[in-house]
Amino acid sequence: MRKIIAEESQSDLKMKDIYFSHLECIQKKNIYDLGKMDLSVNYQIEIKGFNDEPNTREIIIAVVINENKEKIAVKVVANGIFELNNTTLSEEEKITIFKYNAVAIMFPFIRSQVSVVTTQPGLMPILLQPINVVKLWEKSEN
């Protein structure tokens, strides 16, 4: 087994901060219809420049979850600030790293937050499935 020094394997992409700018969970109870929920999950992703810093971006991911009988609605918006320390990359290569890697890094935090918000008395916890970031971007660009 080869020994790897941690500094040698660190990513050029660093998450400087992550926070949730919006958390909302609306629940409507109908005592005659408490069964299984039919959920739809939608994602919106935006990449913004950050304070004129060429290697820093803000990634904004909104997750909107609705139930077809309007039993529950959840909206979570996560904002991640990322810095890329490799200055030899082209702008296109940088954007690719931000698009795929930053979203993949943020998603476990979002999954956890949705679970925390929906794990309350009288609610059935919502556990988001892992996503394929490449397919997510392909669908958003079409």
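A: In this predicted model, the hairpin of strands β3 and β4 has 4 residues between the strands, and Glu70 there takes a positive phi near 60 degrees.

Strand β2 (residues 39-50) pairs with β3 in the antiparallel sense, over 12 bridges, and Gln44 stands opposite Ala62 in β3. The hairpin of β2 and β3 has 2 residues between the strands, and Asn51 takes a positive phi near 50 degrees in this hairpin.

The burial of β3 can be considered next. Buried here refers to under 20% relative accessible area. Because 11 of the 15 residues of β3 (residues 53-67) are buried, this strand is largely enclosed by the rest of the structure.

The largest nonpolar core has 24 residues, of which Ile59, Ile61, Ile65, Phe82, Ile126 and Leu128 touch the most other members. At least two residues of this core are supplied by each of β3, β4, α2 (91-118) and α3 (133-141). Helix α2 gives the largest share, 7 residues. In soluble globular proteins, nonpolar side chains tend to be buried together.

Phe82 deserves a separate word. Leaving aside residues up to four places away in sequence, the residues that Phe82 touches include Asn55, Thr56, Arg57 and Ile59. Also among them are Leu13, Met15, Phe98, Ala102, Ile105 and Met106.

Note on methods: Residues are numbered from 1 along each chain as its sequence is written. This is a predicted model: local features need pLDDT of at least 70, side-chain atom pairs count only at pLDDT 80 or more; totals for chains, interfaces and linings use all residues. Side-chain values use heavy atoms; hydrogens and water are left out. Buried means under 20% relative accessible area, exposed over 50%, partly exposed in between (1.4 Å probe, protein chains only). Two strands pair if DSSP finds at least two bridges between them. A nonpolar core is a set of buried Ala, Val, Leu, Ile, Met, Phe, Trp, Tyr and Cys residues joined through side-chain atoms within 4.5 Å. Contact means heavy atoms within 4.5 Å.
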